Amino acid sequence: MNQPKMTDVAKLAGVSTNTVSRVIHHRGYLSEKTIAKVEAAMKTLHYQPNMIAQQLQSHRTKSIGVLVPSVANPFFGELTYQLERNLFSNGFKVFLGNAENDIQKERAYLQQLLARQVDGLIIATHNHQNKIPEYTDINLPLVTIDRYLNETIPNISSDNYAGGKLATETLIERGAKEIIHTDSVESFDKNDYLRNKAYEDVMIANNRQPITYKIKFNATINEKKKLYNKLFDEHPNVDGIFASNDVDAILILEIAQQRGIKIPQDLQIIGYDGAPTTKIMRPELATIVQPIQLIAKTSISVLKHLIDNKHVENKYVLPILLREGSTLKKLTTN
Ligand code: RIB
């Protein structure tokens, strides 16, 4: 007879598999009624939570799986560096994968990491859990960075809304009139568009028309250059651009300079990320700085709490700050 799965329990109880997982692991708020429904369904089906995976957890391997979109990106490169050095100093070895926003590649890595019996996973990829079933049935301590998955998996990110708001308000404060936002399109969760949401809210509050140009995170450089040249062709009077990451901000800066646009006189630019390598390579770029080291430390602390079956929150939102640069006009005091 086939062993009943978590999905069978969820179907019989009339709840999501995430809820079944939370009942099993006593995570998050659950009503008595929900707990009773799930427990009754487990009893009816003679469902046993994946005891092998749980037994495996007691035999720790002192290793952690880390998945990012690409370490070639300055933000994820710095994040991976901070995660690895912090984990190593905590006695953990790291298995790292570049998922490159490829669902099959991400699933292959997840299956490999589960087979290696890592003690936990830190996932910073852009794919959505609905396309990756391993995230639903996973019986391992798991935290996500950046992209929010669901209410049972802790998420650590910078304050994306505050960052988008600060970038847009700064451009307005420095005199920009026609401000355009550039963003990526990977995620499907409303939580992941907070930078864009903040930009739109500030523009509408200031009686301006929000305009956003979107492109996939791992689009080629030429594809991005084509889109940003189109932006300048379609908006010759644009005088402020808020880019949702520093790589795009630098591409836009280079295209503007090639087109003879004076920075910041004719066009002001603010990016998002603020990785140390970007500051070294492009010190002139004004940007919203994500606390990358703090994101890494917080993620590891939360994961260690999960491994030790201690309580954790569902969301950790960490503060951002504006780094000035010559792509911004100076703030006039008058
Ligand atoms: O530069 C990569 C971007 O992807 C970062 O802003 C990170 O937060 C993710 O959104």
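In helix α1, M6, T7, V9 and A10 meet T17, V20, S21 and I24 of helix α2, where contact means heavy atoms within 4.5 Å. Sorted by class, this contact has 5 nonpolar, 3 polar and no charged residues. Ala, Val, Leu, Ile, Met, Phe, Trp, Tyr, Cys and Pro count as nonpolar, Asp, Glu, Lys and Arg as charged, and the others, Gly among them, as polar. The model is a predicted one, in which local features need pLDDT of at least 70 and side-chain atom pairs count only at pLDDT 80 or more, while totals for chains, interfaces and linings use all residues. Residues are numbered from 1 along each chain as its sequence is written, and side-chain values use heavy atoms, with hydrogens and water left out.

Helix α1 covers residues 6-13 and helix α2 residues 17-25. Helices (H or I, at least four residues) and strands (E, at least two) are DSSP runs, numbered from the N terminus. The axes of α1 and α2 come within 8 Å and cross at roughly 105 degrees. Axes are lines fitted to C-alpha atoms, for helices over the stretch in contact, and angles run from 0 to 180 degrees between N-to-C directions. The two helices α1 and α2 are therefore roughly perpendicular to each other, a term for angles of 65 to 115 degrees.

The next part is a sheet. It is open, has 6 strands in the order β2-β1-β3-β4-β5-β11, and its pairing is parallel. Two strands pair if DSSP finds at least two bridges between them. Strands β2 and β11 (315-318) are the edges, each pairing on one side only. From one strand to the next, the twist averages 15 degrees.

Within this sheet, strand β1 (residues 63-68) has 6 of its 6 residues buried, so it is largely enclosed by the rest of the structure. Buried means under 20% relative accessible area (1.4 Å probe, protein chains only). In a regular strand the side chains alternate between the two faces of the sheet. Both faces of β1 are covered, with S63, G65 and L67 buried on one side and I64, V66 and V68 buried on the other.

Joining β1 to β2 (residues 93-98) are 6 bridges; G65 stands opposite F95, and L67 has G97 as its bridge partner. Another 4 bridges join β1 to β3 (residues 120-123), where V66 stands opposite I122. Further along the sheet, β5 (residues 155-158) runs parallel to β11 and is joined to it by 4 bridges, with N155 opposite K315. Helix α5 packs on the sheet, touching β1, β2, β3 and β4 (142-145), and its direction makes about 175 degrees with that of β1.

A further open sheet of 6 strands has the order β7-β6-β8-β9-β10-β12, and here the pairing is mixed. Its edge strands are β7 (211-215) and β12 (321-323), each of which pairs on one side only. Neighbouring strands of this sheet are turned by 20 degrees against each other on average, direction ignored. Strands β10 (residues 286-289) and β12 pair in the antiparallel sense over 3 bridges, and T287 has R323 in β12 as its bridge partner. Helix α9 (residues 194-205) packs on the sheet, touching β6 (179-184), β7, β8 (240-243) and β9 (268-273), and its direction makes about 165 degrees with that of β6. Helix α11 (residues 246-258) also packs on the sheet and touches β6, β8, β9 and β10; its direction makes about 155 degrees with that of β9.

How values were computed: Buried < 20%, exposed > 50% of the residue type's maximum accessible area, 1.4 Å probe, protein only. Parallel < 35°, antiparallel > 145°, perpendicular 65-115°, else oblique.
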